[in-house]
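Biologist: I am new to this structure, and I would like to learn how to read its features step by step. Could we begin with a helix and what surrounds it?

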Amino acid sequence: MALKYRELERVVRGFSNHRRIQLLEYLAENPELSVAEVARQLKVHFKTVAAHMQRLAHAGLIMKRNDANAVRHRITTRGLSILKFLRTLA
């Protein structure tokens, strides 16, 4: 098995929240956004988005890139795979 059980748990916990699933969907459609941009577009508090983005990054579902004064976020291939999986459940 490619991922160990603890790593799998981290991934599952990474997307086990409706807001984080929403963020994955949003970043799949709108890559390279900052936390402030996402918070503004989704009308969610900045600190809430920042905390959820941290969980997503820790799970390897999004990646961060420094860009001058902002940190840009993009969904990873693992994140895309999770979205595909979640869509089969809906």
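This is a predicted model: local features need pLDDT of at least 70, side-chain atom pairs count only at pLDDT 80 or more; totals for chains, interfaces and linings use all residues.

Biologist: Which residues of helix α3 are buried?

Modeller: A residue is called buried when its relative accessible area is under 20%. In α3, which spans residues 35-42, that applies to Val35, Val38, Ala39 and Leu42. These four lie on the same side of α3, because they cover an arc of only 100° around the axis. The general idea is that an α-helix has 3.6 residues a turn, so residues three or four places apart point the same way.

Biologist: And which exposed residues does the face turned away from the buried side of α3 carry?

Modeller: That face carries Arg40 and Gln41, both of them exposed.

Biologist: How should I read the residue that comes after the helix?

Modeller: For a loop residue, one can look at the backbone angle and then at the accessibility. α3 is followed by Lys43, which lies in the loop between α3 and α4, and its phi is near 60°, a positive value in a residue other than glycine. Lys43 counts as exposed because its relative accessible area is 74%. Glu32, in the loop between α2 and α3, likewise has a positive phi, near 65°, but at 25% relative accessibility Glu32 counts as partly exposed.

Biologist: Which residues touch the most other members of the largest nonpolar core?

Modeller: A core is read by asking which buried nonpolar side chains are joined to one another. Here the largest one has 22 residues, and Leu24, Val38, Val49, Met53 and Leu61 touch the most other members. At least two residues of this core come from each of α1 (5-15), α2, α3, α4 and α5 (77-89). Taking Met53 as a case, and leaving aside residues up to four places away in sequence, its contacts are Leu23, Leu27, Val35, Val38, Ile62 and His73.

Biologist: Is His52 buried or exposed?

Modeller: His52, which has its place in helix α4 (residues 46-58), counts as buried, because its relative accessibility is 13%. The side chain of His52 is joined to that of Arg20 by a polar contact of 3.0 Å. Not counting residues up to four places away in sequence, His52 touches Asn17, Arg19, Arg20 and Leu23.

Definitions and conventions. Residues are numbered from 1 along each chain as its sequence is written. Side-chain values use heavy atoms; hydrogens and water are left out. Buried means under 20% relative accessible area, exposed over 50%, partly exposed in between (1.4 Å probe, protein chains only). A polar contact is a pair of N or O atoms within 3.5 Å; within protein, one must be able to donate a hydrogen and the other to accept it, and residues adjacent in sequence count only if both atoms are side-chain atoms. Contact means heavy atoms within 4.5 Å. The arc is that of the directions from the helix axis to the C-beta atoms. A nonpolar core is a set of buried Ala, Val, Leu, Ile, Met, Phe, Trp, Tyr and Cys residues joined through side-chain atoms within 4.5 Å.
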